[in-house]
Each structure stands twice: as C-alpha cells, then as structure tokens.
Amino acid sequence: MPILGLKACAQLNLIKKIDSCITGNKEKEMLICKHHKVFGGTGKVPFKYQIKLNDKAVPIASGCRRVPVTIKLKFKLLLDNLVKKDIIIKIYEPLEWVHNVVFVEKANGDLRMCLDLVHLNKYVILDMR
C-alpha cells in the first residue's frame with residue numbers, strides 16, 4: 001500500500017489544515033454567567049450530611065501518596081488556604097476512614113485537589129430522594 005503525502009491527504013479530505021484557533025465558547029460563557037450561583041463558589045454545603053453505608057462496609061485507611069517536590073509548596077499553600085476558609089479541618093487523631101488526596105496541576109499553574117474515594121464508594125447507599 002503506498003504512503004500518501006501530506007498534499008494527497010489534504011486533497012482526499014483525510015486531514016484539514018487549521019490556520020487559527022479561537023479559544024473560548026460564547027454559549028458556555030453565557031450559560032456560566034446565567035447560572036453563576038451554580039458554577040461559583042467553593043461547593044461547600046451549609047449543613048452536615050451523613051453518608052449511609054451498607055452493612056458490609058469495612059473501613060480503610062489508605063496510606064499517604066507522595067507529593068512531588070515541584071508542587072509541594074503549592075500543595076501546602078492550598079491546604080492552608082482551605083483550612084483558613086473553614087472548608088477542611090486538621091485532624092490530629094486516627095480515623096477509621098482515610099482517603100488519598102489526588103492533585104493535578106492545571107494549565108494556569110493552580111492545583112486541583114480531590115479525594116480518591118474508590119474504597120468508600122463500594123459501600124455507599126445512594127439516597128434517591
């Protein structure tokens with residue numbers, strides 16, 4: 001089978017050359033603006049929520065994941081900021097359930113932090129109200 005050149009691929013509409021790319025999406029921006037209460041803020045709920053677990057639930061305390069040296073300072077600043085905003089609290093005693101923190105560096109350099117709840121999710125009873 002012959003190998004097609006770039007020009008031939010373009011003529012056969014197998015590839016397309018794009019000279020510029022417009023960033024941003026007006027519809028998305030309008031949706032976010034219209035529903036700013038949903039998309040804004042930290043996502044902290046103003047009440048306590050009890051997660052219901054089935055009878056087979058076995059508590060798991062996951063070991064800590066290593067934080068790469070390149071983001072260690074950003075990670076510490078993020079944690080301190082979340083404590084300061086009363087979104088998370090420091091715990092000094094052992095707990096039955098401990099989950100790993102998952103962090104990703106965003107394109108703008110900020111960190112996105114989540115919990116890896118894979119073990120807990122196995123036992124959650126969904127509340128379908």
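Figure 1. Phe-75, Leu-78 and Leu-82 of α4 are buried, that is, under 20% relative accessible area with a 1.4 Å probe and protein chains only, where over 50% is exposed and in between is partly exposed. Seen down the helix axis, these buried residues fall within an arc of 65°, so they line one face of α4; the arc is that of the directions from the axis to the C-beta atoms. The face turned away from the buried side carries exposed Leu-73, Leu-77 and Lys-84. Helices are DSSP runs of H or I with at least four residues, strands are runs of E with at least two, and both are numbered from the N terminus. The model is predicted: local features need pLDDT of at least 70, side-chain atom pairs count only at pLDDT 80 or more, and totals for chains, interfaces and linings use all residues. Residues are numbered from 1 along each chain as its sequence is written, and side-chain values use heavy atoms, leaving out hydrogens and water.

Figure 2. Cys-33 counts as exposed because its relative accessibility is 57%. Cys-114 is partly exposed, with a relative accessible area of 40%. Zero disulfides (pairs of cysteine sulfur atoms within 2.5 Å) are found in a search of the whole structure.

**Figure 3. The length of α4.** The 13 residues of α4 reach 18 Å from the first C-alpha to the last, close to the 18 Å expected at 1.5 Å a residue. The expected span is 1.5 Å times one less than the number of residues in the helix.
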